[in-house]
Amino acid sequence: MRYFCVSDIHGFYDELLIALNEAGFDQNNPEHTLISCGDNFDRGRQPAEVLNFLLNLPRKILIRGNHEDLLADA
C-alpha cells in the first residue's frame, strides 16, 4: 500500500492534480490511497471540483479541518 498525503488544498483543484501527478498518484491503482489532512475548501476558485474529486476517490482518508467546520457552519 502506498499513501499520498495532502493538506490545505483550499479549493485549488488544478494545483492538487499537478502535485498528485508529480508524486505518481494513480486513483485507479488499488495500492494507492489519498490522505487529506483537512482544509480542502475556501479561498480557491474550484471548491466544487475538489469536493467531487475527493468524494469519487475509491480509496481515501479524509480528516476534517477548520475550513470544513466553517463550511458546515455556513
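Select Gln 27, in the loop between helix H1 (13-23) and S2. The model you have open is predicted. Gln 27 counts as partly exposed, because its relative accessibility is 32%, and partly exposed lies between under 20% for buried and over 50% for exposed.

Now show what surrounds Gln 27. Setting aside neighbours within four places in sequence, Gln 27 is in contact with Phe 53, Leu 57, Pro 58 and Arg 59. Next, pick the C-alpha atoms of Gln 27 and Val 6. They are separated by 14 Å, with the two residues 21 apart along the chain.

Move on to Ser 36. This residue is found in strand S2, which spans residues 32-36. Is Ser 36 buried or exposed? Ser 36 counts as buried, because its relative accessibility is 0%.

Display the side chains of Ser 36 and Asn 40. A polar contact of 2.6 Å joins them. Val 6 is the residue used for the C-alpha separation from Gln 27.

Finish on Met 1. Where is Met 1 found? Met 1 is in the segment before strand S1 (2-6). At 56% relative accessibility, Met 1 counts as exposed, because the cut-off for exposed is over 50%.

Definitions and conventions
Residues numbered from 1 in each chain as written. Predicted model: local features only at pLDDT ≥ 70, side-chain atom pairs only at ≥ 80, totals over all residues. Heavy atoms only, no water. Helix = DSSP H or I, 4+ residues; strand = E, 2+ residues; numbered from the N terminus. Buried < 20%, exposed > 50% of the residue type's maximum accessible area, 1.4 Å probe, protein only. Polar contact = N/O pair within 3.5 Å; in protein donor to acceptor, adjacent residues only side chain to side chain. Contact = heavy atoms within 4.5 Å.
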